[in-house]
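Dear colleague,

Please find the structure below, together with its sequence. My notes on its charged side chains follow.

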Amino acid sequence: GQNQSLLFESEKSGVFIDAWSEKSNKIAYSEGCINCDGNLVSPVIRDLSTNKTTKLSEKAQPGTMTTVEGNTDLSQIVIVYGKADTAPGDGIGINIVAPYTVSKVDTSTGKESVITTVGTNGEKNPNGTVRSRTVLAGYLYKTNDIFYTNDKELFATTGEAESLVLTAEDK
């Protein structure tokens, strides 16, 4: 398009944008190479006004973050991270396993608040293989209320209250 502007430059092999707010002039992203150097990327938040970059979570290990979603003005970000399964396997990259932490990060202060933990350490599938889940999280439209999934269940948080919204049926 005609209306282009350079937000920032990177020397890394890739920039993966998770969220951006023109209103607050902030961007959340990861830098690096996905599946070519072990997925050891850590999402950051950059204030484009000052070019100050801050790690989104000091608790999450590089390569273990599965979800990064921001509210509309990027004043808050919900993140999901697990732990890296270091056992040798057949796949490429890192298998991210339970326990998964769902947290909210205040992007102004960097304060991380744990919302919930999904799964337990050492979970196995019925056939004995390592169990890996997809835990999704995000914001309900135009609010600071967070949703997250746990297997067949969908939860929503409003302020400090959490409620089960939906349980999917087996087909």
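This is a predicted model, in which local features need pLDDT of at least 70 and side-chain atom pairs count only at pLDDT 80 or more, while totals for chains, interfaces and linings use all residues. Residues are numbered from 1 along each chain as its sequence is written, and side-chain values use heavy atoms, with hydrogens and water left out.

Side chains of opposite charge can pair when their charged atoms come close. With a salt bridge defined as a side-chain nitrogen of Lys or Arg within 4 Å of a carboxyl oxygen of Asp or Glu, the model contains five salt bridges. Glu123, Arg131, Arg133 and Asp151 are linked in a network of such pairs.

Arg131 lies in the loop between strand 8 (112-118) and strand 9 (137-139), and Asp151 in the loop between strand 10 (146-150) and strand 11 (153-158), so the pair ties together parts that are 20 residues apart in sequence. Strands here are DSSP runs (E, at least two residues), numbered from the N terminus.

Asp151 forms a further salt bridge with Arg133, with the closest N and O atoms 3.4 Å apart. This pair ties together parts that are 18 residues apart in sequence.

As to accessibility, Glu123 is buried at 14% relative accessible area, and Arg133 is likewise buried at 14%. Asp151 is partly exposed at 48%. Buried means under 20% relative accessible area, exposed over 50%, and partly exposed in between (1.4 Å probe, protein chains only).

Kind regards

Conventions
Helix = DSSP H or I, 4+ residues; strand = E, 2+ residues; numbered from the N terminus.
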